[in-house]
Amino acid sequence: MIIAIASGKGGTGKTTIATNLALVAPAAQYLDCDVEEPNGHLFLKPKINDKRNVTMPIPKIDEELCTYCGQCAAVCEFNALAVIGDKVMVFSELCHGCGACTFTCPEKAISETTKSIGCLEIGKANAVESNELLFAHGISNIGNPLSPPIIKKVKKLVNNDCFAILDAPPGTSCPMVQTLMGCDYCLFVTEPTPFGLNDLELAVGVARQLEIPCGILVNRSDSGDDQIQEYCRREAIQILMEIPFDRDLAFAYSKGEAAVIHSQKLREGFQKLHQKIVAEVEK
Amino acid sequence: MKELTIISGKGGTGKTTVTAAFAILAKNTILADCDVDAADLHLILTPEEISSADFIGGRGPQLDSKKCTRCGECQHLCRFDAIDFSEESGYVINEFACDCCGLCAQACPEEAITMEDTINGHWFTSDTRAGKMVHARLGIGEDNSGKLVTLVRQQGKLMANKEGCELLINDGPPGIGCPVTAAITGVDLVLIVTEPTLSGMHDMERVHGLCRHFDIPALVCVNRFDLNLVNSEKIRGYCSEHKLPLVGEIPLDAIVNKAQVARQSVVEYDCGLVSQVVREMWSKVEKELNI
């Protein structure tokens with residue numbers, strides 16, 4: 001079972017919910033797909049036992065064979081190649097590694113080399129009740145603009161025997177879509193503010209287009225208005241849990257401490273959340 | 001004309017809260033909402049639309065199933081697993097997985113795939129009580145958010161020149177990927193809004209790394225600084241070590257959400273401590289921008 005924890009708006013508590021759920025759910029696997037800013041490890045404190053480089057193919061021009069015909073540049077949808085006189089320039093930061101130039105070159109003058117865009121770290125963490133929790137995250141290199149290829153690699157690590165939790169990046173564009181694709185369920189974490197609602201509506205739109213069933217968790221549920229509840233009623237989306245603002249918990253979060261270790265009540269709350277999600281998926 | 005972008009790395013640290021307040025405090029400015037896939041600034045500034053236009057982000061493949069002979073070359077070559085096959089429907093392009101690279105169109109021996117312009121969203125110019133604003137809405141689940149950010153910024157600059165404004169304020173997206181890069185390259189100054197949590201600090205360091213990568217001067221502001229005073233002290237240490245000016249420390253206060261629910265910026269809603277700190281911060285930013 002693969003579920004995504006997403007939000008649209010950043011900072012609503014995706015990582016808090018994803019890590020706490022991972023700590024209480026039996027046979028859980030936590031996978032951090034927010035590869036631009038992965039934070040789950042700060043709370044789960046995993047022991048990393050495997051580190052893998054993530055690379056992307058980029059074109060390499062054989063100047064001996066190249067006739068500077070310019071077809072490679074013409075076919076590149078990302079303007080990652082330019083042919084000026086008898087010089088071919090490759091702008092590797094614009095390249096998506098699609099291979100269209102290599103395929104097109106009539107002289108077979110383009111081969112591929114790789115560049116590193118990030119890495120994967122895989123390990124184990126301690127869950128509550130001395131369960132073992134599988135952990136993995138992707139880390140995008142600073143300056144690398146393309147996170148979807150790294151997210152894809154993180155998702156390849158999903159263990160199908162586990163309750164796999166994908167911690168999604170914020171927003172509604174390619175990195176978030178890449179994370180949600182193929183999930184069995186998506187839990188949206190929101191807050192009861194105009195920003196929270198606006199971005200939630202956009203995020204639910206993505207889940208609906210991808211035909212992924214979804215539910216809502218309202219975080220800091222007493223700190224704004226009641227528009228989220230209104231919206232959920234109108235759209236017939238289930239609210240699975242509401243967590244009021246608690247300064248002690250916010251403080252614990254700030255130090256990298258998980259809520260379920262801190263509070264018995266929340267531990268039970270998250271166990272219930274896990275059961276509700278499983279019931280929703282099996283429905 | 002000067003350009004300021006407000007970013008954070010971590011989402012939800014208060015970028016838009018700060019941007020909306022600056023928008024009200026700044027005289028003679030243009031605003032650009034560069035968080036195009038989860039834009040929120042309009043919720044506070046309630047813009048009145050002057051113009052709207054389609055955003056043609058690029059081209060995407062269209063498969064003509066009548067011409068398709070089911071040879072499978074496209075699926076074989078696609079590196080994004082974006083071509084699905086079923087006996088009933090034949091080959092179908094999965095637009096969510098598709099990267100729009102055009103390799104399938106190049107490769108199809110029957111020329112059954114063509115590349116067509118795609119509308120990935122819409123962009124708008126509007127009037128607000130804080131000045132003119134450029135904003136956008138990326139289509140749900142669409143690509144090319146970096147390109148749309150670039151377009152919003154370009155239009156913001158054009159508008160600033162036309163209106164004789166001395167400043168363009170960009171509300172940036174979270175993360176450190178392509179939309180953030182598009183929102184900060186070539187600006188005069190970046191303001192990083194962080195919070196004293198391990199996540200906030202971790203992400204601030206990464207986004208600061210990005211600023212250094214592009215050699216852009218940055219300032220830091222700590223939101224909800226009193227949530228964890230030990231961590232706030234660590235941020236001060238990081239800033240002084242890296243010669244990053246710390247321009248403000250905003251306390252944790254329910255007034256921030258109340259202002260948002262009332263669709264006002266904090267400086268309009270209240271004149272308490274939060275407003276005071278934000279006002280002082282703005283004077284420091286003005287000085288840094290030399291406007």
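Student: Which strands of chain B does helix H1 (residues 15-25) lie across?

Tutor: In this predicted model, H1 of chain B lies across strand E1 (2-7), strand E2 (29-33), strand E7 (131-138), strand E8 (167-171), E9 and E10. Helix H1 of chain B runs at about 160° to E8(B).

Student: What does helix H11 (residues 273-289) of chain B lie across?

Tutor: H11 of chain B lies across E1, E9, E10 and E11 of chain B, at about 170° to E11(B).

Student: What is the order of the strands in the open sheet of chain B?

Tutor: The order of the 9 strands is E3-E6-E7-E2-E8-E1-E9-E10-E11, and the pairing is mixed. From one strand to the next, the twist averages 20°.

Student: Why is one side of strand E3 (48-63) and of strand E11 (246-250) of chain B left without a neighbour in the sheet?

Tutor: Each of these two strands of chain B stands at an edge and has a single partner strand, so one side of each has no neighbour in the sheet.

Student: How do you know that strand E9 (residues 189-194) and strand E10 (residues 218-223) of chain B pair?

Tutor: Pairing requires at least two bridges between the strands. E9 and E10 of chain B are joined by 5 bridges, so they pair. The two strands run parallel, and one of the bridges has B:Ile192 with B:Val220 of E10(B) as its partner.

Student: What makes the span of helix H7 (residues 198-213) of chain B close to the expected one?

Tutor: The expected span is 1.5 Å times one less than the number of residues. H7 of chain B has 16 residues, so 22 Å is expected. From first C-alpha to last, H7 of chain B reaches 23 Å, which is close to that.

Student: Which residues of H7(B) are called buried, and why?

Tutor: A residue is called buried if 20 or more other C-beta atoms lie within 10 Å of its own. Residues of H7(B) that are buried include B:Ser199, B:Met204, B:Val207 and B:Leu210, so each of them meets that cut-off. Just after H7(B), B:Asp215 takes a positive phi of about 60°.

Student: How many residues of chain A are in contact with chain B?

Tutor: 53 residues of chain A are in contact with 55 residues of chain B. The largest share of chain A's side, 8 residues, comes from H7(A). By class, that side of chain A has 22 nonpolar, 24 polar and 7 charged residues.

Student: How far apart are the C-alpha centres of domain 1 and domain 2 of chain A?

Tutor: The centres lie 40 Å apart. Domain 1 of chain A covers 2-54 + 117-282, and domain 2 covers 63-108.

Note on methods:
Residues numbered from 1 in each chain as written. Chains lettered and ligands numbered in written order. Predicted model: local features only at pLDDT ≥ 70, side-chain atom pairs only at ≥ 80, totals over all residues. Contact = placed C-beta atoms within 7 Å. Helix = DSSP H or I, 4+ residues; strand = E, 2+ residues; numbered from the N terminus. Nonpolar A, V, L, I, M, F, W, Y, C, P; charged D, E, K, R; others polar. Buried ≥ 20, exposed ≤ 12 C-beta atoms within 10 Å, placed from the backbone. Axes fitted to C-alpha atoms, helices over the stretch in contact; angles between N-to-C directions. Domains from an automatic or database assignment.
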